[in-house]
Amino acid sequence: MKSTRNDNGDVKQRVAKWFHTKWSQLRAWIHKFWHRYQLTRWLIIVVLTLFLVMSIYLTIVAKTAGVSKLESRLQQNTIIYDNHNEQAGSLYSQKGTYVKLNKISSNVPDAVLSTEDRGFYHEHGFSFRGLGRAGFLLLKNELLHRDYISGGGSTLTQQLVKNAFLTQQQTFSRKAKEIFIAIEVENQYSKKQILTMYLNNAYFGHGVWGVQDAAKRYFDRNASELTVPQAATLAGMLTSPGIYDPIDHPQATKQRRNTVLQLMVENKKLTQSAADSYKSTPLVTKNGYKYEDTYKYPYYFDAVISEAINKYHLSEKEVMNNGYKIYTTLDQGQQSAMQSVYRRDSNFPTSTGASVQSASIAMNPKNGGVTAIVGGRGEHVFRGYNRATQMTRQPGSTMKPIAVYTPALMHGYFYDSSLQDKKQSYGSNHYTPRNYDNEYSGSIPMYKAVYESSNAPAVWLLNKIGVNAGYRMAQKFGIPVTKGDQNLALALGGMTKGVSPAQMARAYAVYASGGKLPTTHFITKIEDSSGKVIKRNSKLRTKQVISKKVADQMTSMLIGVYEHGTAKSARPSGYTLAGKTGTTDTGKDDNNDRDQWIIGYTPDVVVATWEGYDNSKNNHYLTSVQSTDINSLFKSEMSSLLPNTDGTKFTVKDAQERAESGTKSNNKWTDQIADEFKQGANELGDRASQIWNGIRSMFSFL
């Protein structure tokens, strides 16, 4: 047994000796290798390089943050101007009433600096002591596997930067940016300016920003009138407005106020006896704050914000807070009129359960500028669902002029050409369109088929000119057709995805503007707080898609829709309109509609209106025989809108009136040949452009 123990001891000694020898050899090799390649120097170089690169990056971030415009954008709200350059409203989400420092009681800076940043006048944007505290917290959170910084370390300037430029997310990268931007702020502004900006940009709970509005909200007085205890109360709220809320948590707020008063003593802003006296005073609040709603036209302003984001590369926060001047195509008279119509429930069908929804948009056909828009009924949600621009539904018979009658005129037909009006099946799937009343006259002049919205003649005519002709015309009019829409159902608005009221208004603007397709837009110009113009990422263009003659012929027929046809009951007294109605079926019977559309225009304005349910299931459908149908809504709408236009009259007459007076069109064959030639040339040019773009794209990969 004793011999076995000795053997085990010898083995352990040999193993230990072997490991010691190898470890000594490894250390010697590492030492030799480290000194041979001078790894200490390289390590220092790498660390310094990383520090230099990070510093350069953060300096660039600070220099490009727009610090020079900080004061001006904090002082100004974003203002929206209408088409006459008159102020229509303003946008802001983190702003209050801006006041200069001499309009703020000196008690407020004394309390705030005693609490938040005693070294404010001796620092240059950041505090080494604060950074040390933040570093300790960072190390602590790393050890505890927390992916954030637990606060601390921020000077008053850093807090201003965080609110004005950065998010509230607490990460190392955000903290680093905060420091460098704070240094840049200190380089460009005086301490007085920085303190003023901070006090006007601080959050005080209950949706109140800035010391002036906070003074009104909690004490019903101006910031210049705040007493020492009141100033201490507001200063105490800055750490946590939700916890130290004098309305919801008065006891905690009073304790915090007294803590601030004691800090003011330590900072030599109060004597101990004065502080003790103030601590004994009760905390009394009084609300004198009145919120002014400047978001006067909610759906229009929503669309303006979206366009600023999508077309001008701005964020929502920038649009709301950076003091821009946004010039728009808004017509305040038209917008107010449209909103007034939509506020009256009597203009809409009654329903049980879900409410009937509707959306409408008005557009200047000459340039595509939207003059008015309402995206739905009921309570508005900020930047919520806008049915006028975001909804897609099948357009029904409003597609007939675009996909059938316009290309037919360009293929040799005339406004008074005779069309077949018979019940007929087409194709291998036996597609059989029916007229609304299931009655057929055998033949019908085109203008009458248009204003009666007959289905059978429209499908027959599209079949004659070819589905591709209608499909290509829909594309030219900006309608988002897909390959699945290349069939005869397109004549009646059968689409895979559908369209929005905004897209239909733009399409009908072609007829009102003499054949030109405009670019839909809300904004004409954006200036920042310093007056610099922000560039749009794409130009506003108009494109001639059909000849003026064809546009006028279509208008002549579309006038009949309001004079004799399906929109006769929608025509406002004293005005001549052109346009089209449309419905989509629920599949139950002819009197039940899933969607109802009506589009009307003059040379001054195009209005497209949709009515229906967001969800057409569960027996939600419209009854076309109700007194409050879409025609009555549209009549009310146009009766209010049209007085706010120039009142320009059409230069063409109603097609039926022309036909009855003996004015025939089919003797002008030379004009038709000229139009055919122009159209052919345009199509050839488009085709050549497509081929050239294809060649360029091929070579771009080489």
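Let me start with S397, which is buried, with a relative accessible area of 9%. Buried here means under 20% relative accessible area, exposed means over 50%, and partly exposed is in between, with a 1.4 Å probe and protein chains only.

Some ground rules. This is a predicted model, where local features need pLDDT of at least 70, side-chain atom pairs count only at pLDDT 80 or more, and totals for chains, interfaces and linings use all residues. Residues are numbered from 1 along each chain as its sequence is written, and side-chain values use heavy atoms, with hydrogens and water left out.

Back to S397. It sits in the loop between β5 (370-374) and α16 (400-410). Helices (H or I, at least four residues) and strands (E, at least two) are DSSP runs, numbered from the N terminus. What does S397 touch, not counting residues up to four places away in sequence? The list is S453, N455, L492, K580, T581, G582 and T583. Contact means heavy atoms within 4.5 Å.

Next, G396. This glycine lies in the loop between β5 and α16. G396 is buried, at a relative accessible area of 1%. Set aside the neighbours within four places in sequence, and G396 contacts L492, G493, T583 and T584.

S453 was on the S397 contact list. S453 belongs to the loop between α17 (446-452) and α18 (455-465). Buried or exposed? S453 counts as buried, at 12% relative accessibility. Now the backbone. Most residues other than glycine have a negative phi. S453 has a positive phi, near 55 degrees. H206 also has a positive phi, near 55 degrees. H206 is in the loop between α8 and α9. H206 is partly exposed, with a relative accessible area of 38%.

Now the whole chain. There are 24 helices and 15 strands. Of the 702 residues, 48% are buried. Take the contacts with a separation of 6 or more: residues 24 or more positions apart account for 71% of them.

One item from a record. The unreviewed UniProt entry annotates residues 42-62 as "transmembrane region". UniProt positions are given in the numbering used here, feature names are shortened, and annotations may be inferred rather than shown by experiment. In the model, the span is 100% helix and 0% strand, and its end C-alpha atoms lie 30 Å apart.

On to helix α4, residues 107-116. Why call α4 largely enclosed by the rest of the structure? Because nine of its ten residues are buried. Those are N107, V108, P109, A111, V112, L113, S114, T115 and E116. The cover includes α6 (156-165), α8 (191-201), α9 (211-219), α10 (228-237) and α11 (250-266).

Let's look at some helix pairs. Two packed helices are described by the angle between their axes and the distance between the axes. Axes are lines fitted to C-alpha atoms, for helices over the stretch in contact, and angles run from 0 to 180 degrees between N-to-C directions. Under 35 degrees counts as roughly parallel, over 145 as roughly antiparallel, 65 to 115 as roughly perpendicular, and the rest as oblique.

Pair one: α4 and α8. The axes come within 12 Å and cross at roughly 90 degrees. So α4 is roughly perpendicular to α8. V108, P109, V112, L113 and E116 of α4 meet L195, Y198 and L199 of α8. By class, that contact has seven nonpolar, no polar and one charged residues. Ala, Val, Leu, Ile, Met, Phe, Trp, Tyr, Cys and Pro count as nonpolar, Asp, Glu, Lys and Arg as charged, and the others, Gly among them, as polar.

Pair two: α9 and α10. Here the axes come within 11 Å and cross at roughly 115 degrees. That makes α9 roughly perpendicular to α10. From α9, V211, A214, A215, Y218 and F219 take part, against Q230, T233, L234 and M237 of α10.

On the α6 side, the contact residues are T157, Q158, V161, K162 and F165. The α7 side includes R174, K175, E178 and E186. What is the class count for the contact of α6 with α7? Six nonpolar, two polar and five charged residues.
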